[in-house]
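Have a look at the model first, and then we'll go in.

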Amino acid sequence: MVPWSERFSYSLSDFACNLSFSLVSTYLMFFYTDVFGISAAIVGTLFLVARIVDAFDGPFWGIMIDHTHTRWGKSRPYWLWFAIPFAVFSVLCFTVPNMSTGMKVVWAYVTYIGVDVLYSAVNIPITSILPSLTSNPQERVTLSTIRQFMGTLGATIISTIALPLVAYFGGGSTASAHGWFIVALIMAAIAMVIFFVVFANTKERVQTVQSKKSIPIKVSLKALKRNWPWVIVIFINFIYWLGMQTRSQVTVYFFKYNMHDATLASFILSLQLVALLAVVITPWAAKRIGKRNTMLMGMLLAIVGQLILWGGSKALNVPTITVGTIVGYLGTGFVSGLIAVMLADSVDYGEWKNGVRAEGIVTSFSSFSAKFGMGIGGAVTGLILSAGGYVANHVQSAQALNAIEMNYVWVPIVGFGLSAIALLFYKVDKIEPKMLADLEQKHAKENALAENQK
């Protein structure tokens, strides 16, 4: 069992990521349109271009991890090496230089793509290190649950306090460039320090003979061959985060324009705390009904929550919207903590099926698929807003209000629904005992052979 001090330190990795990057994923579109001064269509295109870059940067970091061998391990060093660059670009994203509109667009491209690439550098190791922290399936669920608890807490904190803090530092306005800069600076500094703590207090203890060697790219890709659990989880990660991103990005718009009270956005986003209840009981549920069924239950709850939220949005009824949000967050609480566990399982499956253990390349697609989903979600949000005739800081037309509602309610339902269908084809829970027993026997033989060759 992993010591509690290390469990907590590991969980802080996601807390740090979300404390800083959730500011980007939740508020950057609003910042660009209503503070920075560029159109929703341009922002949507930017998010789409960034996802094309992600097609290369996610696998790149995975390959780098598979080729990294230091006295600190394979994944841990990346928190030491990239904490400062990530923090710097997190601040630059919320900086408004004195430039022409055209140069502002260039600045947005450079800083957003920069923070996106560097986020992969500190986020992919969170997942890639999990198979190296422990080989015990239940301990992996525990570690991932604690990580998700702290990650959700970090996202909730920033979602709740960001707008009030921006107003505080910005003289009472949530459209203050100075306010956004100060908040980004504070969060980035805290995240940077936390990454150093995580680096110092984690240990890669599961070291197979194969994992200690640099794996050629051509060989590492074999871990993905016929790895259907990996394909399913990557698809779910993509489509789930596409839906989540459209909802979170448009929350401020929805309450500012549809509900005529932007301050409600902070309250609604703070309800993410209820997801922590689901996160806490995820290990218990996964042990009794399986990881697949636990996640499926979460997806169905999320869909029900969105339907309740839709009823509240039509009636402009805050209590109904609140109930729908709570039900939805309970559902997503069951989902988010299990994605990393299922990816760790797909590392084992790839080795079991193909004889190749490649933690980096297998888990790197987690960050890629999530960010690709978030980016497509951002592009969809921008395109729908633009098609609806959204104009920043003006009274919106009926078409624009419908566009906001489409992003807030229906796009997430599509994401959750497709994810639920994909889960029906996930069968790892049934074969896991045999898979782990076979791998344990394989590793024992490899270690014995390595000892004899010394």
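This is a predicted model: local features need pLDDT of at least 70, side-chain atom pairs count only at pLDDT 80 or more; totals for chains, interfaces and linings use all residues.

Residues are numbered from 1 along each chain as its sequence is written, and side-chain values use heavy atoms, with hydrogens and water left out.

So how do you find a hole? Rolling a probe the size of a water molecule over the atoms shows where empty space is left. Here, a cavity is a set of points on a 1 Å grid over the protein atoms alone where a 1.4 Å probe fits but cannot get out, and lining residues have an atom within 4 Å of a point. Points are joined across faces, edges and corners, and a volume is the space filled by probe spheres set on them. That gives 3 cavities of 30 Å³ or more.

The largest cavity takes up about 830 Å³. Its lining has 45 residues, with Asn18, Gln148, Trp241, Met244 and Ser336 nearest the centre. Helices (DSSP runs of H or I, at least four residues, numbered from the N terminus) that each supply at least two of the lining residues include α1 (4–36), α6 (137–169) and α13 (318–354).

The second largest cavity holds about 90 Å³. Among its 13 lining residues, Phe21, Arg51, Tyr112, Gln245 and Met374 are closest to the centre. Helix α1 gives the most to this lining, with 4 residues.

How values were computed: On a 1 Å grid over the protein atoms alone, a cavity is a set of points where a 1.4 Å probe fits but cannot get out, and a pocket is an open set with protein on both sides within 12 Å along at least five of seven lines; lining residues have an atom within 4 Å of a point.
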